[in-house]
Amino acid sequence: MILNIGFFLLNIIPIVFMGFLLLTNPLYFRRIKQIAFVCSLLLLLIYLFLFFEVNCFFLPFQKTHGFNLNVFFNINYVIGLDIINLLFIGLTLILMPLCILISWDSIYFRVKWFFFYLLLIEFFLINVFLSLDLIPFYIFFEGLLIPLFLLIIGWGSRERRIHASFMLFFYTLIGSLLMLIAIIFLHSTYGTTNLYILRHNNLSEYRQIFLWLAFFFSFGAKIPMMPFHIWLPEAHVEAPTACSVLLAGILLKLGTYGFLRFSFLLFPKATVFFSTNLKVLALMAIIYCSFVIIRQVDIKKIIAYSSIIHMNFALLGLFTFNVQAISGSIFLMLSHGLVSSGLFICVGFIYDRYHTRLFQYYNGLVTYMPLYSTILFFFFLANMGFPGTCGFPGEFLITIGVFEHRPLTIIYGGISLIFCGIYSIWLYNRIVFSYLKPYNFKLFADLNIRELCVIVPLLCLLFFFGLDTTCISHLYDVFVYFILVKLDIY
Amino acid sequence: MFNFFTIENINCFILNSKGYYMFVFNLDFFFLLPEIFLIIVLLVLLVNLLTYLRTNYVLLHYFLNLLLFTLIISLLLLLNTPLTNIDLFYGSINISLYSLVTKIVIIILSTICIIISYNYILSLKDIILEFIILYILAILGMCFLLNSGDFIMVVLSIELISFCLYTLSCTYKKSWFTIEAGLKYFVLGSLASGLLAFGISLIYCYTGILNLTSLSVYLLYNTEINLCVYIGLFLIFIALLFKVGAAPFHFWVADVYEGLPLHLTVFFFFVPKFTILFFIFKLIFFVFFYFYVDLQIFFFFSIFLSLFIGNFSAILQTKFKRLFAYSAIGHIGFIFTSFFLYSLEGLSSFFFYLFVYFINMIPIFIILMYFGEKSTSLKRNSPLFLRSFLEINPILVLCFTILLLSLGGLPPLLGFFSKFFIIFSTLSLSYYLLAFLLILVSCFSFYYYLQIVAFIWARRNNTIKLFSQELKTSDAFFLIYFTVFTLFFFFFPFYILDFIQYFIILLFF
């Protein structure tokens with residue numbers, strides 16, 4: 001009963017509040033922000049009620065709900081809840097109020113539309129994670145591009161943003177159009193796109209390989225994998241802070257989530273077939289980006305490349321087919337959602353003050369922003385995977401799992417761990433320590449109450465998941481076993 | 001409403017009043033009441049216009065209302081026509097479910113086109129009143145084309161439509177573009193009409209049949225068909241492709257649409273094109289179904305060229321009208337794809353695509369009319385126009401954005417589903433290459449729609465307030481209604497698609 005009402009509310013509240021936003025006067029900035037903030041808090045509250053209702057040891061979907069859209073083409077809208085999409089929805093709903101809070105002062109023009117698009121992204125993300133049918137999944141997956149494109153175009157910082165947003169749009173679009181072909185092919189052979197019926201398919205390995213490749217282009221462009229990764233640093237640099245938090249925090253996880261939910265379940269043979277190739281691609285991305293990152297001057301670009309490395313590390317774990325590696329990679333996805341968004345928020349704070357992202361301009365921030373420097377230090381530690389922070393368990397588990405599987409692989413993969421430490425400490429040193437520069441004296445103030453409200457919850461979560469490592473991982477253990485059984489590993 | 005008068009009721013009516021052996025055509029005139037009504041209004045209008053002064057612009061309002069009123073009355077008469085399949089006037093006119101529904105669609109389309117261009121026509125200063133007569137004549141010709149059961153009727157009604165359109169395209173004499181458009185359309189259009197007549201005469205020469213039903217029976221049961229019949233067939237389809245504006249015969253489209261004033265562009269964009277498409281549908285599925293393999297090859301050629309030429313040329317255009325003209329060629333490629341599949345899914349996606357195209361393009365024309373007369377030469381990337389519109393009328397700009405993205409085919413908007421169903425039907429018949437082509441081309445079509453969106457939403461430092469006139473109520477109604485429909489289509493069951501599928505099942509089973 002609570003799940004039923006929760007489903008309904010999760011879908012209806014963003015729509016109702018978007019209607020409120022459209023009806024408010026565009027000049028009442030404060031009221032617009034309040035409406036958006038209340039909406040996101042309300043959704044978080046509902047989510048907490050939902051969270052304790054779900055039984056994580058019960059493997060099929062806890063609650064499914066659907067209705068038919070067209071009989072002739074057999075198109076259905078089916079949504080369902082299980083532990084994996086519950087966790088990712090949780091990540092979305094935690095990050096969204098923070099996104100609204102960080103754009104509270106930094107967005108000063110077209111305020112109404114900005115918050116309208118943020119709520120639209122939230123609505124689409126909830127539905128992407130909830131949908132169990134491939135066609136609604138595709139629709140929301142690609143529909144996310146509209147608000148994202150408009151956010152980068154409308155509120156980006158430089159002229160380059162047009163180029164960046166077009167790159168973001170077309171890289172994602174071309175991949176997902178290939179996925180559309182695969183979805184329609186599945187529909188025309190089986191007559192349905194419901195995931196729970198399709199997972200019992202009897203596709204031959206030859207067909208599975210082609211369909212898997214079509215799905216791969218779409219998810220691989222989202223993660224982003226090695227040949228399709230160019231759009232990510234560009235889009236991150238040009239996007240407003242809230243948008244890049246959402247990009248790094250949730251949208252990159254859509255790719256790995258897609259592999260976990262769709263590719264693994266529908267095409268197990270092809271997944272095993274391609275696992276080596278995918279691991280090689282992931283290693284290539286890790287090593288290449290580790291070297292690229294040293295030569296960057298833009299702080300946002302450095303964090304963007306570091307999130308490419310982390311996501312590819314998660315992918316490496318995902319395709320190792322170990323209990324340790326897969327559960328570690330799910331942990332890494334969630335923790336990276338917290339850490340990278342925290343880093344982007346930190347960069348946003350100093351960008352709001354000095355309007356530059358090049359780290360050569362920042363020196364000696366520690367002398368007059370001690371609070372900020374301390375918090376930034378913890379986030380960089382988590383980015384390195386320091387024990388005690390939430391970055392550690394995921395990377396540790398993946399390392400163990402991959403080592404058990406192929407010891408040589410982790411030697412290449414370990415490059416990322418080393419380089420991550422190098423660039424994190426190096427960047428932190430350049431920003432925070434050394435001599436003060438006269439440029440910085442123009443305006444200096446430590447974090448105010450609003451900014452602390454944004455960053456402290458993230459910091460608490462960072463330590464909570466780092467110290468109590470089993471609090472999440474015991475929720476999805478059964479799911480991981482289920483995945484491995486599906487892949488015929490055990 | 002269709003079954004209000006059944007055929008038995010009418011027979012009874014005739015028996016009771018005048019006896020059974022009255023005129024042979026007594027029944028026939030009953031079926032043609034809407035067309036007869038249009039003709040009567042036409043005569044009245046002609047007499048009226050003779051008595052009034054031509055330059056009396058006060059009358060424009062009155063005549064436009066009269067035009068709308070006439071169309072609505074003829075729509076009501078159409079809805080009251082009995083639903084039968086019957087040959088009239090010795091087979092030269094054939095009334096069926098298909099012709100009735102398509103006529104209703106055409107009259108509704110033309111009514112909406114006139115309603116949305118109402119205020120624009122009033123704002124044009126030097127316009128001659130006779131264009132109303134030409135409108136009615138063209139709609140009359142379209143009704144007869146969809147009724148036609150005979151090649152003579154086809155030629156006559158297509159000529160009637162074409163002459164009205166040639167004349168209409170020259171009515172607004174202010175711009176050089178208009179004169180060019182009229183001349184080009186006349187010369188090329190008459191060439192196409194000549195091809196049509198030549199094709200028909202070739203078929204008549206080698207079969208001796210003009211009636212469409214008899215021809216279909218003849219082609220089905222005759223084993224040896226002369227090559228000249230094939231040539232005649234392809235000449236007919238070339239002429240029809242020309243009238244639609246499909247790719248190898250598309251050269252007039254952009255110039256003509258650019259030259260016309262906007263109220264005529266809307267009319268040309270939908271009404272004659274949809275009529276000819278419905279007529280091609282009729283020819284393929286009710287007359288020439290024997291030749292479906294040959295026609296498939298022919299149409300594949302046209303589809304390929306339309307998709308590529310339309311979408312690639314649209315990328316390079318700088319004016320809105322030319323952009324939408326070329327994108328229309330691309331859309332024609334999609335429409336013909338659904339034809340050429342010869343499957344139930346394909347046909348339902350054909351009607352759905354037409355519906356969606358209309359729903360999306362009408363508000364775009366409303367917005368272009370709101371921009372005003374300058375939009376004839378409106379530069380797509382003009383910083384003055386688009387970039388300052390977000391502050392003047394943000395809702396309008398949001399609608400524009402939604403509609404452009406929908407035309408490109410981005411989910412969850414309406415335009416995605418029309419393309420989705422076409423790709424769906426291609427893949428379910430395992431035409432993999434064609435599906436890949438359609439998807440590739442729709443990627444390119446995204447590029448030029450997105451450029452407009454990017455120019456609208458990109459932030460700028462200095463804004464210029466151009467004008468802040470209000471949108472008229474009727475325009476705003478259509479704009480908001482169609483946009484909301486585009487936006488929220490996915491969240492409800494697809495009732496309109498159910499209706500279309502029911503219609504197709506009725507048509508063929």
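Where in chain A is the place of H229(A)? H229(A) is found in the loop between α9 (205–222) and α10 (231–238) of chain A, where helices (H or I, at least four residues) and strands (E, at least two) are DSSP runs numbered from the N terminus. The model is predicted, so that local features need pLDDT of at least 70 and side-chain atom pairs count only at pLDDT 80 or more, while totals for chains, interfaces and linings use all residues. Residues are numbered from 1 along each chain as its sequence is written, chains are lettered from A and ligands numbered from 1 in the order in which they are written, and side-chain values use heavy atoms, with hydrogens and water left out.

H229(A) has a relative accessibility of 5% and counts as buried (buried means under 20% relative accessible area, exposed over 50%, partly exposed in between, with a 1.4 Å probe and protein chains only). A polar atom of the side chain of H229(A) lies 2.3 Å from the backbone oxygen of M226(A). When residues up to four places away in sequence are not counted, H229(A) touches P224(A), Y288(A), Y305(A) and I308(A), contact being heavy atoms within 4.5 Å.

L145(A) belongs to helix α6 (residues 145–155) of chain A and is buried, with a relative accessible area of 1%. Apart from neighbours within four places in sequence, L145(A) is in contact with L168(A), F169(A), T172(A) and L173(A).

The two chains meet at an interface in which 45 residues of chain B are in contact with 46 residues of chain A. About 4,100 Å² is buried between chain B and chain A, 82% of it on carbon and sulfur atoms; buried area is the accessible area (1.4 Å probe) that two parts lose on being put together, summed over both. Across this interface of chain B and chain A, 0 salt bridges are found (a side-chain nitrogen of Lys or Arg within 4 Å of a carboxyl oxygen of Asp or Glu). On the side of chain B that touches chain A, the largest share, 12 residues, comes from α20(B).

Terms used
Polar contact = N/O pair within 3.5 Å; in protein donor to acceptor, adjacent residues only side chain to side chain.
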